[in-house]
Amino acid sequence: MAHQGHAVHTHYAGANQNESETQTSFSFGRWLGKLAVMVIVLFLVSFFTPGFSIVGLWSFLIAAIVISLLDYLVESVMKIDASPFGKGLKGFLLTAVILYAAQFAVPNMNVTILGAVLGAVAIGILDALIPTRVM
């Protein structure tokens, strides 16, 4: 009897370990998906927004990573959602600041103040249309 109980316990421990591994790989996959969406959004914003330009595939990828990291830092340090319409005016302004600041870390990215504001509006609109949260 005791041996069967031990076998059941081992089965559940293995199931929990598999669930943990699945959640880790799923979150990495989700992160890659969000990164891909961010690259596409940045391409659209760069193409349609005056004062906001990124040139080159690698620059789009680097910009997506830098913007994602800046967004994460703002959220973790300030406890504020930096999505354009996530927390109203604060989120919108933080998105514009993040977009403007990212140009200093990303090669071939140029953003004017007006471009950052218009980019934040465009990202907010695309964020509402695309089911995955961009920022």
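Here is a walk through this protein, from its overall layout down to single residues.

What you see is a predicted model, where local features need pLDDT of at least 70 and side-chain atom pairs count only at pLDDT 80 or more, while totals for chains, interfaces and linings use all residues. Residues are numbered from 1 along each chain as its sequence is written, and side-chain values use heavy atoms, with hydrogens and water left out.

Let's start with the layout. The protein has 4 helices and 2 strands; these are DSSP runs numbered from the N terminus, with helices (H or I) of at least four residues and strands (E) of at least two. Follow the chain along and you get the pattern α-β-α-α-β-α. Of the 135 residues, 34% count as buried. Here, buried means under 20% relative accessible area, exposed means over 50%, and partly exposed is in between (1.4 Å probe, protein chains only). The protein exposes about 8,400 Å², and carbon and sulfur atoms supply 71% of that; accessible areas come from the Shrake-Rupley method with a 1.4 Å probe, and for residues only the protein chains shown count as cover. A contact means heavy atoms within 4.5 Å. Among contacts with a separation of 6 or more, 61% join residues 24 or more positions apart.

Now for the inside. A nonpolar core is a set of buried Ala, Val, Leu, Ile, Met, Phe, Trp, Tyr and Cys residues joined through side-chain atoms within 4.5 Å. Which residues touch the most other members of the largest nonpolar core? Out of its 29 residues, they are Leu42, Val45, Phe52, Ile54, Ile67, Leu99 and Met109. At least two residues of this core come from each of H1, E1, helix H2 (57–78), helix H3 (89–102), strand E2 (109–111) and H4. H1 gives the largest share, 7 residues.

Next, the helices. The expected span of a helix is 1.5 Å times one less than its number of residues. H2 has 22 residues and should span 32 Å, which agrees with the 31 Å between its end C-alpha atoms. Its buried residues include Phe60, Val66 and Ile67. H3, with 14 residues, reaches 20 Å from its first C-alpha to its last, close to the expected 20 Å. Among the buried residues of H3 are Phe92, Leu94 and Leu99, and what covers the buried residues of H3 includes E1, H2, E2 and H4. H4 (residues 113–129) has 17 residues and reaches 25 Å, close to the 24 Å expected. Its buried residues include Gly115, Gly119 and Ala122.

Keep those three in mind, and look at Thr49. Thr49 sits in the loop between helix H1 (2–48) and strand E1 (52–54). Is Thr49 buried or exposed? It is buried, because its relative accessible area is 9%, under the 20% cut-off. Leaving aside neighbours within four places in sequence, Thr49 is in contact with Gly115, Leu118, Gly119 and Ala122. Thr49 and Gly119 are 70 residues apart in sequence, but their C-alpha atoms are 6.5 Å apart in space. The side chain of Thr49 also reaches the backbone oxygen of Val45 at 2.8 Å. That is a polar contact: a pair of N or O atoms within 3.5 Å, where within protein one must be able to donate a hydrogen and the other to accept it, and residues adjacent in sequence count only if both atoms are side-chain atoms.

Ser46 lies in helix H1, and counts as buried because its relative accessibility is 12%. A polar atom of the Ser46 side chain lies 3.0 Å from the backbone nitrogen of Ile54. Beyond its neighbours within four places in sequence, Ser46 is in contact with Phe52, Ser53, Ile54 and Phe60.

Finally, the rings. Rings of Phe, Tyr and Trp (its six-membered ring) pair if their centres lie within 6.5 Å; planes under 30 degrees apart count as stacked, over 60 as edge-to-face and the rest as tilted. By this rule there are 4 aromatic pairs. One of them is Phe43 with Phe47, which is stacked, at 6.2 Å centre to centre and 20° between the planes. Both lie in helix H1, 4 residues apart, about one turn of the helix. Phe43 is partly exposed at 45%, whereas Phe47 is exposed at 59%. The Tyr100 and Phe104 rings have centres 5.7 Å apart and planes at 75°, so this pair is edge-to-face. Phe43, Phe47, Phe48 and Phe60 form one aromatic cluster.
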